[in-house]
Protein chains: 2
Amino acid sequence: MTRWLSVEQQKHWRAYIAATVLLQDRLSRELQAAHGLTMGDYEILVRLSEAPGRALRMSQLAEHTLASRSRLSHQVDRLEKADLVRREACEHDRRGANAVLTEHGWDVLVEAAPTHVAGVRTHLVDLLSDREFAALGKACAILADHLQDTETPVSEAS
Amino acid sequence: MTRWLSVEQQKHWRAYIAATVLLQDRLSRELQAAHGLTMGDYEILVRLSEAPGRALRMSQLAEHTLASRSRLSHQVDRLEKADLVRREACEHDRRGANAVLTEHGWDVLVEAAPTHVAGVRTHLVDLLSDREFAALGKACAILADHLQDTETPVSEAS
DNA sequence: AACAGATGATCCGACTTTCAATCACCTGGT
DNA sequence: ACCAGGTGATTGAAAGTCGGATCATCTGTT
């Protein structure tokens, strides 16, 4: 009863797997070599830099970066040790914690950004025509939306 | 001097990131819940199942699955404990080891395959038109080729 | 005001990945 | 035949990740 994938479809699927793994890997290594940051670290810094006051609640940050809370907690620990991020108590909810980008964090981000962008261009944007890249983006947007919408319902009682 | 990404390009890039992370995550979870396999495990079983004699040299398997050797070694350890894969000495090169799919491994793969294919359809193939999916595949093939071709030269002496 | 239950974040232990070191074996030049 | 250097694979320790348990705090109901 299973509708298997056609040979063509399999080819596309495998290309997709290969591209995603290799690209993630390459960009992460380049960033690490040049600035000691993983893609994950970089993502966090970017999100914080875009937030008002360069600060974000831990849970918000976790959502933005698609990380689990526990993972983000550890990751912020590390960033804190490296003085890229600082934790602050939350104004109106004493349970909460804000992650705040430090001056140094901002500086590192400013340095690292060109490396990152150059990587994205070299290994992605510049390899495709505008049309192809747009098609890729559009397809991914459809997938991402679907996956977000059908997120696990977590639990359900009668 | 950095040529930053346009707003459109950023949008596409972020959609790409989101889609790849979420899809990998979802498929892996579904497979794990239903059959106790990660995507990584599954990939290995598939590759072995396609190889002549359902066996492959460790290094070949590592290449196919885009894993480092040491990672593959550990992963095969686990699969071996689960009796999905077995190691055999290599005929003509006594350094080498073959990973061989066990009967049980084959059975598990046969059971898991429909789950996996269903996931790929539900979360990817069926969400896009044939044209869109083909475009995605083609773009990814270009990226993957480029990334493979420009793999690290490993080392370089004068 | 008091409580039950929800929410934010961290912590813990089990598991996975990585990096560098190691070991065994093969190959080519002398 | 020997040895130097290369290759195939594994290992161990350190770092990272995950899910579930825990703790503190908030919110709505009575």
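The model is predicted.

Chains A and B are related by symmetry. A rotation of 180° superposes chain A on chain B, with 0.0 Å of shift along the axis. The RMSD of this superposition is 0.1 Å. The two copies are thus related as by a two-fold rotation axis. In chain A, the C-alpha of A:Leu136 is the one nearest the axis. It lies 2.7 Å from the axis. Both copies use the same surface, and 100% of the contact residues of chain A recur in chain B.

The contact between the chains involves 41 residues of chain A and 41 residues of chain B. Helix α6(A) gives the most, with 14 residues. By class, this side of chain A has 29 nonpolar residues, seven polar and five charged.

Chain B contains an open sheet of three strands. The strand order is β1-β3-β2, and the pairing is antiparallel. Strands β1 (55-57) and β2 (85-89) of chain B are the edge strands, and each pairs on one side only. From one strand to the next, the twist averages 30°. Strand β1(B) pairs with β3 (residues 97-101) of chain B over three bridges, in the antiparallel sense. Within this pair, B:Leu56 has B:Ala99 of β3(B) as its bridge partner. Helix α2 (residues 39-50) of chain B packs on the sheet. It touches β1, β2 and β3 of chain B. The direction of α2(B) makes about 95° with that of β3(B).

A further contact in chain B joins two helices. The axes of α1 (residues 7-35) and α5 (residues 103-123) of chain B come within 10 Å. They cross at roughly 145°. The crossing of α1(B) and α5(B) is right-handed. On the α1(B) side, the residues that meet α5(B) include B:Leu23, B:Leu27, B:Glu30 and B:Leu31. On the α5(B) side, the residues that meet α1(B) include B:Val108, B:Ala112, B:Thr115 and B:Val120. The contact of α1(B) with α5(B) has seven nonpolar, five polar and three charged residues.

Terms used: Residues are numbered from 1 along each chain as its sequence is written. Chains are lettered from A and ligands numbered from 1 in the order in which they are written. This is a predicted model: local features need pLDDT of at least 70, side-chain atom pairs count only at pLDDT 80 or more; totals for chains, interfaces and linings use all residues. Copies are superposed by least squares on the C-alpha atoms of residues with pLDDT of at least 70 in both. Two residues are in contact if their C-beta atoms, placed from the backbone, lie within 7 Å. Two strands pair if DSSP finds at least two bridges between them. Helices (H or I, at least four residues) and strands (E, at least two) are DSSP runs, numbered from the N terminus. Axes are lines fitted to C-alpha atoms, for helices over the stretch in contact, and angles run from 0 to 180 degrees between N-to-C directions. A crossing is left-handed if the near helix is turned anticlockwise from the far one by less than a right angle, and right-handed if clockwise. Ala, Val, Leu, Ile, Met, Phe, Trp, Tyr, Cys and Pro count as nonpolar, Asp, Glu, Lys and Arg as charged, and the others, Gly among them, as polar.
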